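This report describes selected features of a predicted model.

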Amino acid sequence: MNGIGIDALSEMINGKIIREGKENLVTDVVIDSRLAKKGSVFFALDGTEMDGHDFAVSAYKNGACAIVVKREIEGAECYQIKVDDTLKALYDMAKSYKDRFDIPFVALTGSAGKTTTKDMTASVLSKKYKTMKTIGNFNSTTGVPLTLFNLEEGDEIAVVEMGMNHKGEIEKVSGLVNPDLAMITNVGVSHIENLGSKEDIFKAKMEITKGLKKGGTLLVNGDSEFFKDYTNDEFNVVKVGIDHGDLRAADILYSSKGAKFMVNYNGKNYTFCTKVPAKYSVYNALFAIYTGFHFGLSYEQIKEGLDDFMPTGNRMKIEEVNGITLIDDTYNSNPEALKEALGLLNRIGGNNRKVAVLGDMLELGEKSGEEHEKCGKAAAENGVELLLSCGDYAMHYIKGAGENGMDPGKALYFFEKNYLVEEVFDFLKEGDFVLVKASRGMKFEDVVDAIKKGGVF
C-alpha cells in the first residue's frame, strides 16, 4: 500500500479528527486489532456479535497510528477519526485509493472454482503485467475493500475475487471495483440455504455486472444452463466452454499428471495444459486463457502462465503416500465439484480399487439430503468400490450408492470424525486410489493427515 497522510485519509472518508497522535502516515489498513502494526489504521466495525470499538485500544497498543471510530475511545493515544458509519468509511477509503490506479481490473465470482481461477488468471497475466491479486480467498464484503489496499505503485493490472452468502453482497463490492472484465465461473447450489433456488443464485452472481464499466466484458461458462443462450445488449458477453462457447476446449486428454487440450482463437489452434486432471480445471484454464488474449498476451506467455500455476491449499492435490495414490481435495465441496472429483477418480484409477472418503457438503439447506444422495449415486456410477463417509448428511451418500449398485458392505458410515480418523488407514491397501473430499467446515484435512501417517498415532 502506498502511504496516505492522516489529513488525506480524513478527507477520503469524510471524517473529523477528534484526537491527535504522533505518527501521521498510514501504510496499512486493518479491521482485526491483532493484525495492527506500525503505520496501521484500524477501522472499528460493528459486528453482529462484536463491536470493533471494544478492540480499538488493543489496535493502538499493537502499533496502529490511527483508528476510525463512531465515538472517542479513551486509552488510544493515537489519531482518532470520527465518522457516522465505519463500514461506509472503509468503502470510501478503498474506493478513493483504488481510483488512484488507472489500470484494468478483472473481477470474478462463481459457485465454485473462484480462487483457483483467480490464481490461474493472475499467473497468466503476470507474464506481461505486474499483477495484483486477491490473497487467498479474501473475497467477502470486507475482504474486497481490504484487498484493494494491496495495490501499490507499479501495478499494471488487478484480479479481484468476489464471494457471497446473501443477495446484494456482490453488487456492493462490484460497485467498489468497477471491473473492466467480469467473470462468472459457474452457477451451482452453494449457498442455496440462504438464497432459496439456483435461479436466485444466478441473479446474485449476475450482480457482478452492476459495477462493470461501460463497454466492459462479461466472461461466462457457456456450458451452464443459465448462460448457454444468454445475451445482453448492455455489455459484451463472451462464453467459454467445452460443448458451447466462443472459446472452447477440444481434444481433451486426462492423465494422472494433468489435462491437455486444444483451443481455437481467431482461427488458430493452440495447445494448453493444466496440472490438475479434472474437467473443472479445463474450465478454469479457459477463463484464464481468454483473459490473457483479451489483454494482449501472446500464446507463449499464456502457456507459460498456465504451466507455472500450481494449485494451493488442499485443492485436487495428487500424491503417492504409503503405497496408495491420494487425491486430497479437502479445501471445499459442493455437488458439482464432488461429481467431477469422482469422475477424476474413475478416470485415473484405472483397474485399481477406487475409494472415496467423503464428508458433508454444507449450506445446501432443504436440498441437502437430495444432493448427497445424488453424489452417492455418482460414486457408484464412477466405480467406487469402498465408500467411507461421515457427517450429518453422510448417510445419504450411503443410500444413494446402495440404491445404485454398490455393495452395502462396502459403504460405511462413521458417527464421528475422530473414529474415521483413527480407523481410515485400516481400510486401505496398497494400490488404492483414494479421494478425500468434504466442505471446509468438516476439516477433513485431519483424515488426509491420518492417511499420510499410515495409521501411526
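## Second largest pocket

The second largest pocket of this predicted model holds about 530 Å³ of space. It is lined by 18 residues, of which Ile-31, Asp-32, Leu-45, Gly-47 and Met-50 are the closest to its centre. By class, the lining comprises seven nonpolar, six polar and five charged residues.

## Nonpolar cores

In soluble globular proteins, nonpolar side chains tend to be buried together. Here, the largest nonpolar core contains 55 residues. Within this core, the most contacts are made by Ile-13, Val-41, Phe-43, Met-93, Leu-151, Leu-218 and Phe-227. Helix α3 (residues 86–98) supplies the largest share of the core, namely six residues. Another core, of 37 residues, lies apart from the largest one and includes Val-238, Tyr-265, Leu-286 and Leu-306.

Beyond its neighbours within four places in sequence, Phe-43 is in contact with Val-29, Val-30, Ile-31, Val-68, Thr-86, Ala-89, Leu-90 and Met-93.

## Helix α8

Helix α8 spans residues 198–205, and its residues Ile-201, Phe-202, Ala-204 and Lys-205 are buried. Viewed down the axis of α8, the buried residues fall within an arc of 160°, so they line one face of the helix.

## Thr-117 in helix α4

Thr-117 belongs to helix α4 (residues 114–125). Is Thr-117 buried or exposed? Thr-117 is buried, because its relative accessible area is 0%, and the cut-off for burial is under 20%. Leaving aside neighbours within four places in sequence, the contacts of Thr-117 are with Leu-108, Met-183, Thr-185, Asn-284 and Phe-287.

Methods. Residues are numbered from 1 along each chain as its sequence is written. This is a predicted model: local features need pLDDT of at least 70, side-chain atom pairs count only at pLDDT 80 or more; totals for chains, interfaces and linings use all residues. Side-chain values use heavy atoms; hydrogens and water are left out. On a 1 Å grid over the protein atoms alone, a cavity is a set of points where a 1.4 Å probe fits but cannot get out, and a pocket is an open set with protein on both sides within 12 Å along at least five of seven lines; lining residues have an atom within 4 Å of a point. Grid points are joined across faces, edges and corners, and a volume is the space filled by probe spheres set on the points. Ala, Val, Leu, Ile, Met, Phe, Trp, Tyr, Cys and Pro count as nonpolar, Asp, Glu, Lys and Arg as charged, and the others, Gly among them, as polar. A nonpolar core is a set of buried Ala, Val, Leu, Ile, Met, Phe, Trp, Tyr and Cys residues joined through side-chain atoms within 4.5 Å. Buried means under 20% relative accessible area, exposed over 50%, partly exposed in between (1.4 Å probe, protein chains only). Helices (H or I, at least four residues) and strands (E, at least two) are DSSP runs, numbered from the N terminus. Contact means heavy atoms within 4.5 Å. The arc is that of the directions from the helix axis to the C-beta atoms.
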